[in-house]
Amino acid sequence: MSESFEVHSSLRDYSVRVGTNLLDCHLRQHPDALILSDARIAAAWPSVSGRHVITIEADESKKNLATVADVIERMRELGANRQTVMIAVGGGIVQDIATFVASSYMRGIRWAYMPTTLLGMVDSCLGGKSSINVGQFKNIAGNYYPPWEIIIDTEFCRTLPQTQRIAGLCEAAKICFADRDEVFDRYLALLSDVGALDRDATLPALVSLSLSTKKKFVEQDEFDQGIRLLLNFGHTFGHAIEATSGFAVNHGVAVGIGILAALQLSESLGICDGTPPRVGQLKQHMLSLLRSVPGLESELAKLSPSDALTRFKADKKHSQDAYALILVDAGGQLERRLLPIKPQIETHIKNAFEYATKVLDEIQ
Ligand SMILES: NC(=O)c1ccc[n+]([C@@H]2O[C@H](COP(=O)([O-])OP(=O)(O)OC[C@H]3O[C@@H](n4cnc5c(N)ncnc54)[C@H](O)[C@@H]3O)[C@@H](O)[C@H]2O)c1
Ligand SMILES: [Zn+2]
């Protein structure tokens, strides 16, 4: 059983298929394709093996131009040409390397993507972006080069650790909340509790809901100039938390904490007063997800709000005189706000980080 839909983009339209047991079927349909994957996936899923497989290490320190160059050399050695189709099977690191390599190998080859992490399935697979680290600068180089096909086999989630599952749920909750309509209610109905993920039908339904919602943002604003920026909700705080923790707190989980910090800032600045019901629901949901991440409370307790503020200030989305942030308005909807760069605002932001380090201890 699978469900499909099309995504329209200025570079090309592409299809998304969501279901179970799609891996073997897809690989059988493309016997000559070159597979790019990560060593752990190749070890755990026997069909991701053979002479056309290139593996990389899915480690943030390897998401760099040296790995791009290695993969290109391996492709040349394996005889890849302009007609070669690449199938990338992995999480966000494989996706970022694959997007960059597929767009540049012999000026661009056809490729398909099979995400293996929940974060990849519900969010990053759609949109066509790549981000590569250069030196100490994370995600500083990149481009847009969507795959021709995205095939999502939710069976991959069976082997995912709890923290990785929660990371994906935080991003899915963010996307569904960003929609102004009742998508977030539908999300909450599916995810009444974290255990609901283990029911067979939940994962494909969740992935479809999240991606069909993201599709609306991406199709309206392919290059991040307007409405798609709302999907950065929680990210400026999140990136700062991720970096301050030395990446001990992973991306999706840091975004979850960042969402709670952004809610707190919206309230302390008086932008969102009196907690509209959907904001209360979001907060409760994020808390229940994040409390099930092993060891998170102690990682957060170690964070320095001043260090986090320093990282926050360096975010590439700010301008010279304003911090650009996604906050919630009085009706509980997301909006992009430009906050003047001055000490009173920075005190509010630092307090939001302070709050984030203790939020999981809060008595409800
Ligand atoms: N291009 C984009 O639009 C975009 C968006 C968001 C994040 N990202 C990038 O994605 C990266 C994070 O990606 P991620 O969290 O998807 O994972 P990842 O690629 O970093 O993988 C995390 C770990 O999970 C393992 N893993 C992957 N699939 C598994 C499975 N099914 N079972 C067991 N283990 C599995 C990997 O081997 C790795 O050890 C970051 O580098 C981030 O910058 C890119
Ligand atoms: Zn994200």
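## Around the ligand

In this predicted model, helices H2 (39-44), H4, H5 (118-124) and H6 (162-178) each give at least two residues to the shell around ligand 1. Helix H4 provides the largest share, with 5 residues.

The shell holds 29 residues. Those that come nearest to ligand 1 are Gly91, Gly92, Ile93, Thr117 and Ser124. By residue type, the shell around ligand 1 has 15 polar, 8 nonpolar and 6 charged members.

## The sheet

Next comes the sheet. In what order do its 7 strands stand? The order is E1-E2-E9-E6-E5-E3-E4. The sheet is open, and its pairing is mixed. Strands E1 (2-7) and E4 (53-56) stand at the edges. Each has a single partner strand, so one side of each is left without a neighbour in the sheet. From one strand to the next, the twist averages 20 degrees.

Strands of a sheet pair through backbone hydrogen bonds, and the pairing can be parallel or antiparallel. Take strand E3 (residues 34-38) and strand E5 (residues 85-90) as a case: they run parallel. The two are joined by 4 bridges. Here leucine 34 stands opposite methionine 86 in E5.

## Helices across the sheet

Helix H4 spans residues 92-104. This helix lies across E3, E4, E5 and strand E6 (110-115). Its direction is at about 165 degrees to E5. H4 is also the helix with the largest share of the shell around ligand 1.

Helix H8 covers residues 202-220. H8 lies across E1, strand E2 (14-19) and strand E9 (149-153). The angle between H8 and E1 is about 5 degrees.

## The whole chain

How many helices and strands does the protein chain have? The count is 14 helices and 11 strands. The radius of gyration is 20 Å, close to the 21 Å that the globule rule gives for 364 residues, so the chain is as compact as a globular protein of that length. Along the principal axes, the C-alpha atoms fill a box of roughly 60 × 40 × 40 Å.

Of the 364 residues, 44% are buried. Consider the contacts with a separation of 6 or more: 71% of them are accounted for by residues 24 or more positions apart.

Conventions. Residues are numbered from 1 along each chain as its sequence is written. Chains are lettered from A and ligands numbered from 1 in the order in which they are written. This is a predicted model: local features need pLDDT of at least 70, side-chain atom pairs count only at pLDDT 80 or more; totals for chains, interfaces and linings use all residues. Two strands pair if DSSP finds at least two bridges between them. Axes are lines fitted to C-alpha atoms, for helices over the stretch in contact, and angles run from 0 to 180 degrees between N-to-C directions. Two residues are in contact if their C-beta atoms, placed from the backbone, lie within 7 Å. A residue is near a molecule or strand if its C-beta atom, placed from the backbone, lies within 6 Å of it. Ala, Val, Leu, Ile, Met, Phe, Trp, Tyr, Cys and Pro count as nonpolar, Asp, Glu, Lys and Arg as charged, and the others, Gly among them, as polar. The radius of gyration is taken over C-alpha atoms; the globule rule is 2.2 Å times the number of residues to the power 0.38. A residue is buried if 20 or more other C-beta atoms lie within 10 Å of its own, exposed if 12 or fewer, and partly exposed in between; C-beta atoms are placed from the backbone.
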